[in-house]
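Subject: Structure for your review: salt bridges

Dear colleague,

Please find below the structure I would like to hand over to you.

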Amino acid sequence: ADDEGMRYLIEARGLAEETIRHFKVGLKTYPDGKFFAFPHFRKGQLVNILYRSYPPDKRFRQIDGAEHILFNEDDLIGREEVTLTEGQPDAMTLWQNGIGRTPDHGVGSIPQGVKTILPGWFSVLTAAKRINLVFDTDPSGRKAVGLFAARFGYRRCFDIVLPHVKNQKVDANKFFLSGNGALEEYQRLYVQASLADLEGVKSVE
């Protein structure tokens, strides 16, 4: 990213320069403005780039005709545990805080704007015995938890529900920006996480 974009990611999003460079976040300028570029790789090869407009706008686009793959897919394949978010900055935030950085645990995110689960995601998550869903706390995020549980199996999908910050619904990035103790609180939520709802039916295990 350029200096302006890097400053936003560091100051407003709380991302370290190491994290930004690790995920190879870049910048692309279109006639209608500047966009962050989040590359999506498979076996080290670029498959897609998801572009997100500079704030305050919130617009998305991708490479025409490219496959919608999971962000950070290479760190998800073959892992016994995976953690998924709804946005790339959320996954990057968790990674920065040491979540999903072990040989048996990876972290990634689903593509924004994708309303269904795509067939290619199943092979990526085949080995996962535990799938942590750290989705946004808005209605669409809560609905997505049920969708994932229904498709990937509620016996391995765990719902990590982030608490509201200042009475506002949050995502993982905003949660970790909320102040000291966020990591400890997340770890507590992880331990207490319940199996996700299966289309509205709560697990009692």
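Arg-21 counts as exposed because its relative accessibility is 53%, over the 50% cut-off. In this predicted model, the side chain of Arg-21 meets that of Glu-17 in a salt bridge, with 2.8 Å from N to O. Glu-17, at 40% relative accessibility, is partly exposed. Both residues belong to helix H2 (residues 17-22), where they are four residues apart, about one turn of the helix.

The side chains of Asp-159 and Arg-142 form a salt bridge at 2.5 Å, N to O. This pair joins strand E9 (residues 157-159), which holds Asp-159, to helix H5 (residues 139-152), which holds Arg-142; the two residues are 17 residues apart. Asp-159 is buried, since its relative accessibility of 6% is under 20%. Arg-142, by contrast, is partly exposed at 32%.

Glu-67 and Arg-42 also form a salt bridge, and their closest N and O atoms are 3.0 Å apart. Here Glu-67 lies in the loop between strand E4 (60-62) and strand E5 (81-85), while Arg-42 lies in strand E2 (residues 33-42), and 25 residues separate them. Both count as partly exposed: Glu-67 has a relative accessible area of 36%, and Arg-42 is at 26% relative accessibility.

Finally, a network of salt bridges links Asp-32, Asp-57, Arg-59 and Arg-61. A search of the whole structure finds eleven salt bridges.

Yours sincerely

Conventions. Residues are numbered from 1 along each chain as its sequence is written. This is a predicted model: local features need pLDDT of at least 70, side-chain atom pairs count only at pLDDT 80 or more; totals for chains, interfaces and linings use all residues. Side-chain values use heavy atoms; hydrogens and water are left out. A salt bridge is a side-chain nitrogen of Lys or Arg within 4 Å of a carboxyl oxygen of Asp or Glu. Buried means under 20% relative accessible area, exposed over 50%, partly exposed in between (1.4 Å probe, protein chains only).
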